[in-house]
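Open the model in your viewer and keep the selection panel at hand.

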Amino acid sequence: MLAKTLMIQGTCSHVGKSVIVAALCRIFKQDGIRVAPFKSQNMALNSYVTKEGLEMGRAQVVQAQAAGLDPVVEMNPILLKPSADKVAQVIVMGRPIGNMSAVNYHQYKPFLLDTVAKALEKLREEYELVIIEGAGSPAEINLADRDIANMRIAEMADAPVILVGDVDRGGVFAFLVGTLELLSSTERARIRGFLINKFRGDVGLLEPGLAWLEDKTKIPVVGVIPYYRELGLEEEDSVPLENFIGLGRQLLNASLVPNDNVDIAVIYLPHISNFTDFDALSREKGVHVRYVASPESFGSPDLIIIPGSKSTISDLGYLKNTGLAELIIQAAEKAIPVIGICGGYQMLGRKIRDPHHAESNQEEMEGLGLLDVETVFSAEKTTSQVTFQIIGGWPPLLPKMVDLPKMMEEPGYLSGGRKVPLEGYEIHMGTTRRGPGASPLFKIKRKGEERELEDGAVNQNTLVWGTYVHGIFDNDVFRRVLIQFLKERKGLRSEPLSAARAEDRLSWGRYKEESYDRWAEVVRQSVRMDLLYGLTSLKPKWSWHSLSSDGTI
């Protein structure tokens, strides 16, 4: 028997569909329902690699984790990664099939329907409920004939639809009613409830509008979710820069950094990818992570990070044209640590070559020259989960600070005293070769392979280094060693890094789990779950609030 389905669509992009699906996945999981997320087509530069080495959108990874599942590519069978204004890399079932213009992809979409149908069916065979997320708006009438993300998927899954509107941006009633007016009669019949998101203030002030909406449309309002600042969930990508600024501690202005904080400047690139690499850093006490988009906001950071990019050569040109490249080089010359992740690692080198135009029309560009490496792009893409260990001299004074392998084996920090490997993942095109002035940084082992490989590079003073491994700062020990080094270097008070201390301090994995629970509770208290259960014909298997803290009844 195939799983029941429920679909969350929005009046437009960025109304909160992704995080609402994540909350519902956690709520249904808490209630004992085997639930999985699904989004047929996602456009994002934030991606993830599954255990099978397949690439998928990060939003569905968050939703899977909220459901207590390992992400699988069926949850997001089509991923579009924009590389230019009208061009995107098309990834189908975790593998790139090529770059397409917007026009060409629109013509190609009908050929992907069978792939979408098979992925959805596989999930419905394995779970009791599949919560489907739409893309953009279902009322894009110019695209409706080749829709593979909204109402056609709702029809394919026979899914009741909840339509979400964002009251914070204004005009929510016009958005909701206007969307209905642009749908066909059969599509309107699938809308079974409205959900209003990001409300600030007293809900009583909204009630006359809610009554009018229900009377006019004969569709119930299933809930009003308050504006919640500290979600703690990884953000979906393809959002404007001001959304980065709104993440609490992530500010552009260097003058706003407290004097007793470590100041980490992440260079904001036009095609920035996997900016979630830095979420764990931004949540650490005494650490201020900000995104820098111009020389005026550069300031005097304690650490500079150049992140990944979907268009490395183009974004390297941006750094040079804006003057940011010169400031990064000057900072490195003043012994300010500089880290490059993936595309940022490539930019740190002497030269980037793209002889086959795998990424750019430009065949060659001089890098920043801070690492003795050169990169050559190729059409082949590397996607793999990895374990890694430090073999380079990172960071300076590390042997005097802590015996990292010994600490990782100390009883009290790790269950049973077992050594925990550092973990991450690779998503990159091209090969980077070290010259005599650079040493390898990590020794990595790709999932499913026995051989060990060298990754990354570190310069002779060990203050500039780069790696292809994403997610390195999600490793608690690795992150805290870096932060302690930066604090001691700045003359700030730093607690000794020991097993006992590490156990008491923030675990990124635990923080994310607590964030899912907090956000789920906000949504549970704001939404009529009885209506949602009625739409799915399911019933809770137990009351979540009757469970003990360890999850037993």
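Which residues of the largest nonpolar core touch the most other members? Select Leu24, Phe28, Phe38, Ile131, Ile132, Ile191 and Phe194: of the 91 residues in that core, these touch the most other members. A nonpolar core here is a set of buried Ala, Val, Leu, Ile, Met, Phe, Trp, Tyr and Cys residues joined through side-chain atoms within 4.5 Å. Helix α1 (residues 17-30) gives the most to this core, eight residues.

This is a predicted model, in which local features need pLDDT of at least 70 and side-chain atom pairs count only at pLDDT 80 or more, while totals for chains, interfaces and linings use all residues. Residues are numbered from 1 along each chain as its sequence is written, and side-chain values use heavy atoms, with hydrogens and water left out.

**Whole chain**

Zoom out. The chain has 19 helices and 27 strands, taken as DSSP runs numbered from the N terminus (helices H or I, at least four residues; strands E, at least two). Of its 553 residues, 58% are buried; buried means under 20% relative accessible area, exposed over 50%, and partly exposed in between, with a 1.4 Å probe and protein chains only.

**Around Leu24**

Now centre on Leu24. Leaving aside neighbours within four places in sequence, Leu24 is in contact (heavy atoms within 4.5 Å) with Ile8, Ile131, Val523, Met529 and Leu532. Apart from this core lies another, of 69 residues, including Phe278, Ile304, Ile328 and Tyr468.

**Helix α11**

Select residues 312-322, helix α11. Its buried residues are Thr312, Ile313, Asp315, Leu316, Gly317 and Leu319. Gly323 follows α11, with a positive phi near 90°.

**Aromatic rings**

Show Phe278, Phe388, Phe442, Trp465, Phe473 and Phe478, which form one aromatic cluster. Rings of Phe, Tyr and Trp (its six-membered ring) pair if their centres lie within 6.5 Å; planes under 30 degrees apart count as stacked, over 60 as edge-to-face and the rest as tilted. Phe388 and Phe478 pair edge-to-face, 6.0 Å centre to centre with 80° between the planes. Phe388 lies in strand β21 (residues 373-390) and Phe478 in helix α16 (residues 476-490), 90 residues apart. Phe478 is buried, at 0% relative accessibility. The rings of Trp465 and Phe478 have centres 6.3 Å apart and planes at 85°, so this pair is also edge-to-face.

**Charge over a ring**

Finish at Arg200, whose charged end sits over the ring of Tyr227, 3.7 Å from its centre. The rule requires NZ of Lys or CZ of Arg within 6 Å of the ring centre and within 35 degrees of the ring normal.
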